[in-house]
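The sequence and the model are shown first.

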Amino acid sequence: MFFPFYFDPTYILVIIGLAISGLASAYVNSTFNRYSDVHSQLGYNASEITRYLLDYAHLENVRIERIRGNLTDHYDSQNKVLRLSDATNDSTSVAAIGVAAHEAGHALQDRDDYAFLRFRSALVPITNIGQTAAFPILLVGLFLGAGSGQTLINIGLILFSLTFLFQIVTLPVELNASHRALSILESEQILLGEELEGARKVLRAAALTYVAAAIASFLNVFRLFLLFGGGGRRRD
């Protein structure tokens, strides 16, 4: 049965992926906002605690810089810089401390040459190339039709799949960074009791966004394989 492109029933997979991602994003924002109102009894802000965590791990060479935005926090392994967003840097909230400590966890992974972190870093340029080349290759394959065209289509589908692979590799990297962060926050008694549990919930919610991204990526790739894989692409 023929379906016009804009009525393609496989769009339901895209919609499901978007819904899952949207729910995960809403949940992390809700959790972060909730624990943004819970402040550490020690009174130190996220930047100060991050500096302590880095020094504790003998990472005095890692600089802390401030970056604009909300939840734009990240660790730059190439330049050994941990960047904290405006919303995080000066905050004494449990949410901000949890996020900042998570980024410090990435710095610890870098120090320890954590295998999944290295693998993810190696995938970045390959994934970027794949994202750029996949669609043009797929279009050329569709234009050429059966035979050599299907070979190009399969190559395009594999390149599209690199994004899903990247998302899968990202999961253990993010979970491990959170585990490292929470372990130090607990062992050094930086956060105690409900404070520590609040930070754990914030990082758990953040982890769900990576799970959601992986699911959405899988559904998108699965849809493309249904449409174009194995010579079974939709024809006019």
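In strand 3, Leu 84 is the bridge partner of Arg 66. The model is a predicted one, in which local features need pLDDT of at least 70 and side-chain atom pairs count only at pLDDT 80 or more, while totals for chains, interfaces and linings use all residues. Residues are numbered from 1 along each chain as its sequence is written, and side-chain values use heavy atoms, with hydrogens and water left out.

**Sheet and overall fold**

Strand 1 and strand 3 (residues 81-85) run parallel and are joined by five bridges. Strands of a sheet pair through backbone hydrogen bonds, either parallel or antiparallel. Here two strands count as paired if DSSP finds at least two bridges between them. Three strands form an open sheet with mixed pairing, in the order 1-3-2. Strand 1 (63-67) and strand 2 each have a single partner strand and stand at the edges, so one side of each is left without a neighbour in the sheet. From one strand to the next, the twist averages 25°.

The protein chain has seven helices and three strands in total; helices (H or I, at least four residues) and strands (E, at least two) are DSSP runs, numbered from the N terminus. Their order from the N terminus is α-α-β-β-β-α-α-α-α-α. Taken along the principal axes, the C-alpha atoms fill a box of roughly 65 × 35 × 30 Å.

**Packing of helix 5 and helix 6**

Two packed helices are described by the angle between their axes and the distance between the axes. The axes of helix 5 and helix 6 lie 7 Å apart, at an angle of about 155°; axes are lines fitted to C-alpha atoms, for helices over the stretch in contact, and angles run from 0 to 180 degrees between N-to-C directions. The two helices, helix 5 and helix 6, are therefore roughly antiparallel, a term for angles over 145 degrees, where under 35 is roughly parallel, 65 to 115 roughly perpendicular and the rest oblique. The contact of helix 5 with helix 6 comprises 25 nonpolar, nine polar and two charged residues.

**Cavity and pocket**

On a 1 Å grid over the protein atoms alone, a cavity is a set of points where a 1.4 Å probe fits but cannot get out, and a pocket is an open set with protein on both sides within 12 Å along at least five of seven lines; lining residues have an atom within 4 Å of a point. Grid points are joined across faces, edges and corners, and a volume is the space filled by probe spheres set on the points. The structure holds one cavity of 30 Å³ or more.

| Space | Volume | Lining by class |
|---|---|---|
| Largest cavity | about 30 Å³ | six nonpolar, one polar, one charged |
| Largest pocket | about 700 Å³ | 11 nonpolar, 10 polar, four charged |

Ala, Val, Leu, Ile, Met, Phe, Trp, Tyr, Cys and Pro count as nonpolar, Asp, Glu, Lys and Arg as charged, and the others, Gly among them, as polar. The lining of the largest cavity includes Leu 53, Gly 105 and Arg 180. Helix 4 gives the most to this cavity lining, with four residues. The largest pocket has 25 lining residues, and Asp 73, Glu 103, His 106, Glu 174 and Tyr 210 lie nearest its centre. Helix 7 gives the most to the lining of the largest pocket, with five residues.
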